[in-house]
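Look at the sequence and the 3D view below, then read the points by topic.

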Amino acid sequence: MISSETTRKDLEKKGYRFAGNHLHSANKICHWTRKSIVDEGTCYKEQFYGIKSHRCLQMTPSIDYCQHKCLFCWRDTNITQTSWDTDDYDDPKTIIEDCIKNQKQLLCGYFGNENANPKKLEECTKPNNAAMSLAGEPLLYPEINQLIHEFKRQDFTTFLVSNGEAPEKIKALEEEEPTQLYISLDAPNEEIYRKTCLPQVSNGWEKLNESIELLSTLNTRKVLRITAVKGYNMINPEQYAKIIEKADIDYVEVKAYMFVGNSRDRLQWENMPKTDDMRQFSQEIADNCSMEIIDEVLKSRVLLLGDKKPTKYNN
């Protein structure tokens, strides 16, 4: 929960808008939502999975709660708390209603933009995909299952990104599965994990691996995401492949770290891998497991590994 007025104003300056009364939920317009409205490009999730960028709600129910302080995170990790510290929180319906209201207000300027696509303009204030990945660890929100349920009730698809540090919450998703679940796999072994993710809890590596093992209990689409940081975690592809092989997953995304936001205080421009670096690293992982590179979005420096292209969601 954001308690500092200075922090709240700083986040609002950066484009965040808070939802509810307790200042733990927020949304922000994605770069690719803006691009899509004026037909200047779309997010890789549209190419890979069919999610329409102009109708995507980028949000979080836990803006300052996370068990990691990853070097590559573009958020301000100085405000991060590792566990939910209060019994006061907003209900899912309020969070969603306020996020949709924020989305409409943040996009209102495009209605005077002559370059805006009229059809997308009509649809953009009616989002139908929730990307629970804006900041923090969404599984720490006490009513995450109810939030997923409420999004579904309102005809949203739900993409949830977790760091895997709460295996008991992964297990509980059996009761209300998101449309697509991501687990971040940002290291091939514990040493690199500690160096790159800066875990703020004990036994973080063990918990991450437990969460990956629990994926076999879920029926939703499951993806491991590797954020590749040159000079840190782009090594030991055979160890990544070993983890991938034992996991019950559908796809692996290998996505380049981008030198943006607060990560610039922790890393250097040179830590951002080039396209050739990404292709080589992804191929080395594929060569050591049963997956192949099946898609790529150059502008986002992201590659998709799997055994067949995903069926696209009907958005």
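Two residues are in contact when they have heavy atoms within 4.5 Å of each other. Helices (H or I, at least four residues) and strands (E, at least two) are DSSP runs, numbered from the N terminus. This is a predicted model, in which local features need pLDDT of at least 70 and side-chain atom pairs count only at pLDDT 80 or more, while totals for chains, interfaces and linings use all residues. Residues are numbered from 1 along each chain as its sequence is written, and side-chain values use heavy atoms, with hydrogens and water left out.

**Buried faces of helices**

- A residue is called buried under 20% relative accessible area, exposed over 50%, and partly exposed in between (1.4 Å probe, protein chains only).
- The arc of a set of residues is that of the directions from the helix axis to the C-beta atoms.
- An α-helix has 3.6 residues a turn, so residues three or four places apart point the same way.
- In α8 (residues 190–197), the residues Ile192, Tyr193, Thr196 and Cys197 are buried. They lie on the same side of α8, because they cover an arc of only 105° around the axis.
- The buried residues of α8 pack against α9 (204–214).
- Helix α1 (residues 5–13) has Thr7, Arg8 and Leu11 as its buried residues. Their arc around the axis is only 100°, so they are on the same side of α1.
- Thr6 and Lys13 are exposed on the other side of α1.
- The partner of the buried residues of α1 is the strand β1 (17–19), against which they pack.

**Helix α10: one face in, one face out**

- Which residues of α10 are buried? They are Pro237, Tyr240, Ala241, Ile243 and Ile244. Down the axis of α10 these buried residues fall within an arc of 160°, and therefore line one face of the helix.
- Lys242 and Lys246, on the other side of α10, are exposed.
- The buried residues of α10 pack against α9, β7 (221–228), β8 (251–256) and α11.

**Two helix pairs**

- Axes are lines fitted to C-alpha atoms, for helices over the stretch in contact, and angles run from 0 to 180 degrees between N-to-C directions.
- Angles under 35 degrees count as roughly parallel, over 145 as roughly antiparallel, 65 to 115 as roughly perpendicular and the rest as oblique.
- A crossing is left-handed if the near helix is turned anticlockwise from the far one by less than a right angle, and right-handed if clockwise.
- For the classes of residue, Ala, Val, Leu, Ile, Met, Phe, Trp, Tyr, Cys and Pro count as nonpolar, Asp, Glu, Lys and Arg as charged, and the others, Gly among them, as polar.
- α10 (residues 237–246) and α11 (residues 275–287) pack at an angle of about 50°, and their axes are 8 Å apart. The two helices α10 and α11 are therefore oblique to each other, and their crossing is right-handed.
- Pro237, Tyr240, Ala241 and Ile244 of α10 make this contact with Phe281, Glu284 and Ile285 of α11. By class, the contact of α10 with α11 has six nonpolar residues, no polar ones and one charged.
- α4 (residues 92–107) and α6 (residues 144–153) pack at about 55°, with axes 9 Å apart. α4 and α6 are therefore oblique to each other, with a right-handed crossing.
- From α4 the contact uses Pro92, Lys93, Ile95 and Ile96, and from α6 it uses Gln146, Leu147, Glu150, Phe151 and Arg153. The contact of α4 with α6 has five nonpolar, one polar and three charged residues.

**Positive phi angles**

- Most residues other than glycine have a negative phi.
- Aspartate 39 has a positive phi, near 55°, and sits in the loop between α2 (31–37) and α3 (44–49). Its relative accessibility is 47%, so aspartate 39 counts as partly exposed.
- Leucine 198 has a positive phi of about 45° and lies in the loop between α8 and α9. Leucine 198 is partly exposed because its relative accessible area is 33%.

**A buried loop residue**

- Leaving aside neighbours within four places in sequence, leucine 139 is in contact with Ile144, Leu160, Ser162, Ala166, Lys169, Ile170 and Leu173.
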